Amino acid sequence: MNDRPTPPRFSVVICVYTEERWGDILAAVDSVRKQSLPPLETLLVVDHNERLLHRLTEEYAGSTAGPDGEEVRVLANAGPRGLSSGRNTGIAAARGEFVAFLDDDAVAERDWLHHFAAGYADPAVVAVGGRTLPAWASGRRPVWFPEEFDWVVGCTYRGLPPGRVRVRNVLGGNASFRRSAFDAAGGFATGIGRDGDRRPLGCEETELCIRLANAVPGAVLLIDDRAVIHHKVPAARERFAYFRTRVYAEGLSKALVAQSVGAGKGLESERRYTTRVLPAGVLRGTRDALLGRAGGAGRAGAIVTGVALAAGGYALGTLRARRGRSPAFSWGPITPAGAPREGRDPAAKEALA
């Protein structure tokens, strides 16, 4: 008689939108193929790009992603254009007990899913995220780029506690959730977050995680820094111009989050970040500049500039919300069609019991 527990079954969702990342997409799928804990399936969700959809369908037609026979399925985004709808399409199609998300320009280390799975030994845990390391196109971090702002390029930033720790929200490009969490809280909000390369907004995972914690009493969300992925940072995102644009957009996004879940929850982590982590970063940069170390003054200046731009974006986003001019966004239970349905199902709170 075999009493060994059944390994957790993960559906891995990779949202894609451009053929320019063809090699990156194949590398991302290959890294999932090599996991020490094989997934049940890998879902490639194509965001309104018929050519890419056809090309990926041909690439993975009749194939399996690994030695244990897990599938690679190619799907079209069933909702409006954007990352949130793509993720919702993947969630709706997922057959695993857990859904993991990997960016299309990232590769996961071999034990990525294994460390995610370990976190779910506690039934109160509804989400587990990991550590995302930048892979700079130039081969090294720009000397002026502060580690405190690595979230600008989709990576884990200085100030997050090490180890396996409880957090308010996970980072969407390296995260996993219980599938039932989406029945309780709904999907990712549309109208917020990225739409290809056209607007560098974010925070859709923050809004979802806060909503999830509200919907499920006692819900625990974790980050385990052993669940590592390496995220490609293209040359264009190593430039200060992108830094400025992205931090300003983050302020706009945070205003939308505050509109959805309230400023108390929406800015809870940001208060500690701006009052402790960033001042310490300015001091480090200033000290390095006084000691003649390269980039110290640039890092201190980038932090001060980043705070000012994010605050300006937040102020403008808040003003737009008060005037009813902020972008419309919606969320709701995931439907079989893959798009979130308006509203919340009160009974869904029982889905995680």
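The aromatic rings in this predicted model form 19 pairs, where rings of Phe, Tyr and Trp (its six-membered ring) pair if their centres lie within 6.5 Å. Planes under 30 degrees apart count as stacked, over 60 as edge-to-face and the rest as tilted. Two of the pairs are set out below.

| Pair | Centre to centre | Angle between planes | Type |
|---|---|---|---|
| Trp-112 and Phe-116 | 5.2 Å | 55 degrees | tilted |
| Phe-145 and Phe-243 | 5.7 Å | 85 degrees | edge-to-face |

Trp-112 and Phe-116 are separated by about one helical turn because they stand four residues apart in helix α4 (residues 112-119). Helices (H or I, at least four residues) and strands (E, at least two) are DSSP runs, numbered from the N terminus. An α-helix has 3.6 residues a turn, so residues three or four places apart point the same way. Trp-112 and Phe-116 are both buried, a word that means under 20% relative accessible area (1.4 Å probe, protein chains only).

The other pair links distant parts of the chain: Phe-145 belongs to the loop between β6 and β7 (164-166), whereas Phe-243 belongs to helix α7 (residues 240-261), 98 residues apart. Phe-145 counts as buried because its relative accessibility is 1%, and Phe-243 is buried with a relative accessible area of 0%. Both are members of one aromatic cluster, which also includes Trp-136, Trp-144 and Tyr-157.

Helix α3 (residues 83-93) is mostly covered, with nine of its eleven residues buried. Its buried residues pack against elements including β1 (10-16), β3 (71-76) and α6 (204-215), contact meaning heavy atoms within 4.5 Å. One of the buried residues is Arg-87. Arg-87 also lies over the face of Phe-188, at 5.1 Å from the ring centre; for Arg, this requires CZ within 6 Å of the ring centre and within 35 degrees of the ring normal.

Residues are numbered from 1 along each chain as its sequence is written, and side-chain values use heavy atoms, with hydrogens and water left out. In this predicted model, local features need pLDDT of at least 70 and side-chain atom pairs count only at pLDDT 80 or more, while totals for chains, interfaces and linings use all residues.

Notes
Buried < 20%, exposed > 50% of the residue type's maximum accessible area, 1.4 Å probe, protein only.
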